[in-house]
Amino acid sequence: MAQASDKKKILVYTTQLMETGGIESHLQEFCRQMAAAGNEIDLVVLNAAMTPETEEFYKRTCRWVYFGKHGRSYKRLLWMLQLGIKLRGTRKYDAVYTNGQGESIWLFSRMLPAYNKWVHHHHTSGDAKDQATWGAKYRRTLQAANTIIACSFRNAGDMKAVLNRQIDVIPVFSRNVEVPFTQGPAGKLRFGYYGRLIPEKGIDLICRMSEDADLEDIEFHLWGEGKQYPAGYFDRYPNIRFHGPFAGEAGLKGAIAQLDAYLLLSTHPEGLPVSLLEAMSAGLPWLATDRGGIPDIACDPQATRVIPAASSYEEAKAAVIAFAKDIRSGLVTKTAQKELYANRFSAAALRSAWGDILGLHKQN
């Protein structure tokens, strides 16, 4: 552990933190790992809607935390202006790490005291569909930051082509999950999804599959919450087991342990889905659509399967049937993806990479 006088100071800014999500999981682990490496972290969240447990985690892990909880945009802006004045007058940082997407990132960067290194982390796909959502001030962020990080090589290539600047690649942090897998109901496989419940994550497609007679030997499990899928929504689907949201690492382990395969039938502009990395760490087989950086982590054609994002229902259904058949026959193993996770995506591997890019390592 570094001595107090040697500690580097990092300012972390993110536009929002909700109760669940990939960015939320990454940022928790990012702060945990950077603090464990002997750095001091000040965290600013413009729109904080976390659980009390998550707030307590950040208060324990970071030196200072500033959580914005103002619903109206003008109140958030006023809060940010006041905080920017405070930080400019009282804080100096060795590195600034901004995370996510939004116009406020550029505005906040203009308020800061002098910094040696500004690293911005873009989480989504970076393709044409994603680029269409970039506002003018966010585009300034992508040009002005010292370093831009994408989550995968494909995403970085798409961003570089339009921004005409270097885009570096570091995967997101995820939790290493070791679980004893449980036995499912006799004769049925358990395929499932956990995360945000939005149509873009393939929830409607899973609902349709659950009613398909050709898939009656598969039981579908869902964890999460979303306004478009209120309480009771899944009661109409007898072959879906809806578990609601889970909290913390214990909830994550409990969900993964109940599955034979994870499904991410997404049309969302994915960056590098944390849920797939967590499944990979446990050795849980997965099938996902070809979005963003997902092909970067498909290391085993049996256990990590990618289908075209534009697949029709029948094509996606055929892929799920083939996956189930291979799992039943014993062709799908857990070994290859667990090894890849340990070598490329584990906390130990990423802590060093993030320390390098933020300029936190001592020079000899």
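Strand S2 (residues 40-48) and strand S3 run parallel and are joined by 4 bridges; strands count as paired if DSSP finds at least two bridges between them. Asp42 stands opposite Trp64 in S3. Helices (H or I, at least four residues) and strands (E, at least two) are DSSP runs, numbered from the N terminus. This is a predicted model, in which local features need pLDDT of at least 70 and side-chain atom pairs count only at pLDDT 80 or more, while totals for chains, interfaces and linings use all residues. Residues are numbered from 1 along each chain as its sequence is written, and side-chain values use heavy atoms, with hydrogens and water left out.

The open sheet comprises 7 strands with parallel pairing, in the order S3-S2-S1-S4-S5-S6-S7. Strand S3 (64-67) and strand S7 (168-169) stand at the edges, each with a single partner strand, so one side of each lacks a neighbour in the sheet.

Helix H7 (residues 153-163) lies across S6 and S7, at about 135° to S6. Such angles run from 0 to 180 degrees between N-to-C directions, with axes fitted to C-alpha atoms, for helices over the stretch in contact. Contact means heavy atoms within 4.5 Å.

Helix H8 (residues 203-210) has as its buried residues Ile203, Ile206, Cys207, Met209 and Ser210, buried meaning under 20% relative accessible area (1.4 Å probe, protein chains only). Seen down the axis of H8, these residues fall within an arc of 165°, so they line one face of the helix; the arc is that of the directions from the helix axis to the C-beta atoms. The buried residues of H8 pack against elements including strand S8 (189-194) and helix H11 (313-329).

Conventions:
Buried < 20%, exposed > 50% of the residue type's maximum accessible area, 1.4 Å probe, protein only.
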